[in-house]
Amino acid sequence: MAREITAGELPAPITREQVNQLQRKNRRENLGRSWYKFSRNPLSVIGGATILVVVLMAVFAPWVAPFPEHAQPFTDFANASKPPSAQNLFGTDEIGRDILSRVIFGFRFSLMMGMIVLALVVPTGVFLGLVAGYFQGGWLDTLIMRVTDVFLAVPPLILALAIAAVLEPNLSNAMVAVSLMWWPWYTRLSYGLASTLRNEFYVSSAETLGASKFHILFHEILPNMTSPIFTKMSLDMGWVIIIGATLSFVGLGVQPPKPGLGTMMASGAKFLPDQWWIAMFPALGIVVVVLGFNLFGDGLRDLLSAEGV
Amino acid sequence: MSTEILTVDGLKKHFVIGYEGTINRRPIKVKAVDGINFGLQEGETFGLVGESGSGKSTIAYITVGMYQPTEGKMYFRGEDLFAGNLERPLPLRKEIQIVFQDPGSSLNPRRTIRQILELPLRIHRPKEDPLHEVMRLLDMVELPIEYMHKYPQMLSGGEKQIIAIARALATNPSLIILDEPTSALDVSVQGKVINLLLRLQRELGLTYLFITHDLSLMRNVASRVGIMYLGKICEVAEASQFFQDPQHPYTRMLLSSIPVVSEEEEAAKPEKIESTGEIPSPVNVPAGCSFHTRCPHVMDICKHVDPVMVDTSPGHMARCHLFEQPAELIAPFFVEHGDAVAQT
């Protein structure tokens with residue numbers, strides 16, 4: 001039935017405060033639904049829990065580790081190369097340091113490596129891919145994507161090795177090296193996503209309304225790219241940690257006596273197979289972290305898919 | 001006569017989809033819209049009907065400025081919509097809004113209804129309180145205000161389309177392009193959306209360019225109807241005349257292919273013409289009259305000469321050699337095809 005619409009008067013008895021209440025209620029409901037979806041996948045919950053434990057151990061390493069001083073320059077030749085025991089759950093290394101304590105401190109380097117590299121790589125790569133994908137066919141697209149192709153054509157580990165070798169071998173240079181080889185993957189991924197999403201009718205609608213390019217890129221397109229990007233980030237976290245450990249293993253990352261997991265494996269490798277625990281437990285540490293991030297990534301994808309926000 | 005709100009003059013849109021030839025590279029073109037003239041009267045509903053691929057959506061997209069026309073002009077209240085190939089100024093964008101066919105893809109799944117409705121308000125009516133306006137819009141389209149914080153995928157298809165209509169209304173437009181607004185919806189919901197559109201038109205004095213492939217819907221909704229075939233308009237008429245006295249063979253073919261239930265309805269149909277063949281590809285438009293491959297009254301001239309629009313009665317135009325004057329032009333063909341002409 002036709003109704004009188006008079007501008008200037010609130011159509012229904014609803015106040016601003018009630019609107020805000022409604023918004024909060026809806027947010028709570030959405031959060032609850034997201035958690036429900038995530039928790040339905042037991043493997044991803046296990047992955048998430050693993051990450052949480054590892055992160056907490058890394059943050060509180062000085063309090064969690066049984067012998068925090070063993071992460072520093074330290075020798076105790078009386079207890080060198082002891083197999084796992086109640087005193088040293090993971091045994092001791094060739095100069096008597098507790099391996100459990102050093103693995104816990106080693107998590108710090110691995111997580112830092114992963115987080116800093118992703119913090120550098122994801123915004124850069126995603127931004128470039130988003131811009132190139134939206135302005136597909138223009139000169140900006142050509143420029144960005146050809147540079148990306150050049151970086152993708154260089155074997156990643158070799159490039160990282162070269163950079164790490166030219167610069168002084170330490171953790172921050174390893175991060176720079178890994179970042180330089182990693183951003184093109186995010187550019188590629190978000191380029192593909194953005195060039196599909198730009199044809200969605202909600203983008204056309206914003207364009208015909210006269211919305212700014214900034215609004216279209218960051219409010220219409222980008223939020224719809226989060227699911228694959230976050231999933232890739234979680235999986236990449238594992239990869240970056242492995243690459244970081246590899247660089248440390250060949251002596252281009254964390255330098256001894258600092259307890260990098262890769263560094264510890266390198267020094268322990270000399271004593272395989274007799275003193276297996278020296279190399280084995282740092283390696284297991286890497287496996288646990290990487291597995292945790294990979295499992296978590298799966299659940300993250302379900303959590304972030306738009307269908308059930 | 002009331003004033004014309006939208007004037008389309010010789011509009012063409014050709015898309016280049018590739019190239020052929022190695023030395024003399026020639027573009028392969030899709031002639032989506034190939035020379036169209038029509039006008040919209042203030043406050044009317046003009047129904048643009050055609051099969052898929054006839055170019056009707058392209059006209060919608062050109063009107064709102066998603067595409068630049070290849071040739072021809074479009075005027076909104078006398079103002080050239082594509083003056084100087086510049087970005088369309090905001091005041092013109094505000095006046096012409098569109099409702100897309102698929103509500104699933106025209107609303108961003110990551111934005112709440114409130115955010116979706118606030119966008120046009122912030123751009124076009126920055127002085128007004130967006131929250132207040134969002135509530136007014138929801139009330140106007142009879143959706144609960146609680147929907148404000150929902151995401152589109154929590155709503156049904158019909159509700160989504162109603163939100164899309166509310167978004168189009170948000171700028172206070174004069175002309176709304178409805179690009180098959182109901183074809184993605186259940187029949188039960190279609191009626192509701194149509195009634196809403198009619199009510200809004202009455203209350204707000206809107207003009208609709210209603211694009212559809214559903215002829216029977218046009219009977220109830222449109223004041224005038226235009227039939228499109230392969231990027232050209234074949235017939236334009238007042239809705240009542242259009243259904244009672246169709247002129248163009250294609251229109252008759254379409255009207256006789258509307259499914260009916262009862263004998264009376266069957267008898268009420270103007271003429272039985274079997275629908276034959278498919279719409280040809282717009283890449284390879286037949287020479288002459290583009291409909292000659294399927295036309296039951298095809299004459300030799302149809303295969304070579306493209307007919308022009310002629311008035312068959314006041315306000316009723318058709319583009320077919322059967323109605324063309326002067327008669328001398330087609331006189332030689334009367335002899336050969338006397339039977340075909342006699343039928344008309």
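This is a predicted model: local features need pLDDT of at least 70, side-chain atom pairs count only at pLDDT 80 or more; totals for chains, interfaces and linings use all residues.
I started with the strands of chain B. Four of them form an open sheet, and the order I wrote down is 2-1-4-5, with antiparallel pairing. Strand 2 (26-41) and strand 5 (79-80) of chain B are the edge strands; each has a single partner, so one side of each has no neighbour in the sheet. I then checked what lies on the sheet. Helix 1 of chain B, residues 56-63, packs there and touches strand 1, strand 2 and strand 4 of chain B. The direction of helix 1 makes about 75° with that of strand 2.

Next I looked at one pairing in detail. Strand 1 (residues 4-20) and strand 4 (residues 71-76) of chain B pair in the antiparallel sense over five bridges. For Lys12(B), I found Glu71(B) in strand 4 as the bridge partner.

**Entry: helix 4 of chain B**

I wanted to know if the length of this helix made sense. Helix 4 of chain B covers residues 113-124, twelve residues, and at 1.5 Å a residue it should span 16 Å. I got 18 Å between its end C-alpha atoms, which agrees.

Is helix 4 of chain B mostly covered or mostly open? Mostly covered: nine of its twelve residues are buried. Among them I noted Ile113(B), Arg114(B), Glu118(B), Pro120(B) and His124(B). I also looked up what the buried residues pack against: helix 2 (90-95), helix 5 (130-140) and helix 6 (157-169) of chain B, plus helix 8 (201-209) of chain A.

**Entry: where the chains meet**

I have 32 residues of chain B in contact with 28 residues of chain A. On the chain B side, helix 2, helix 3 (103-106), helix 4, helix 5 and helix 7 (187-204) each give two or more residues. Helix 5 of chain B gives the largest share, six residues. Sorted by class, this side of chain B has 15 nonpolar, seven polar and ten charged residues.

**Entry: the core**

Last, I looked at the largest nonpolar core, which has 161 residues. Which residues touch the most other members? I listed Val178(A), Leu137(B), Leu138(B), Ile165(B), Ala166(B), Leu209(B) and Phe210(B). The largest share of this core, 18 residues, comes from helix 4 (residues 99-134) of chain A.

I followed up on Leu138(B). Setting aside neighbours within four places in sequence, Leu138(B) is in contact with Leu143(B), Ile145(B), Tyr147(B), Met148(B) and Ala166(B).

How values were computed:
Residues are numbered from 1 along each chain as its sequence is written. Chains are lettered from A and ligands numbered from 1 in the order in which they are written. Helices (H or I, at least four residues) and strands (E, at least two) are DSSP runs, numbered from the N terminus. The expected span of a helix is 1.5 Å times one less than its number of residues. A residue is buried if 20 or more other C-beta atoms lie within 10 Å of its own, exposed if 12 or fewer, and partly exposed in between; C-beta atoms are placed from the backbone. Two residues are in contact if their C-beta atoms, placed from the backbone, lie within 7 Å. Ala, Val, Leu, Ile, Met, Phe, Trp, Tyr, Cys and Pro count as nonpolar, Asp, Glu, Lys and Arg as charged, and the others, Gly among them, as polar. Two strands pair if DSSP finds at least two bridges between them. Axes are lines fitted to C-alpha atoms, for helices over the stretch in contact, and angles run from 0 to 180 degrees between N-to-C directions. A nonpolar core is a set of buried Ala, Val, Leu, Ile, Met, Phe, Trp, Tyr and Cys residues joined through C-beta atoms within 7 Å.
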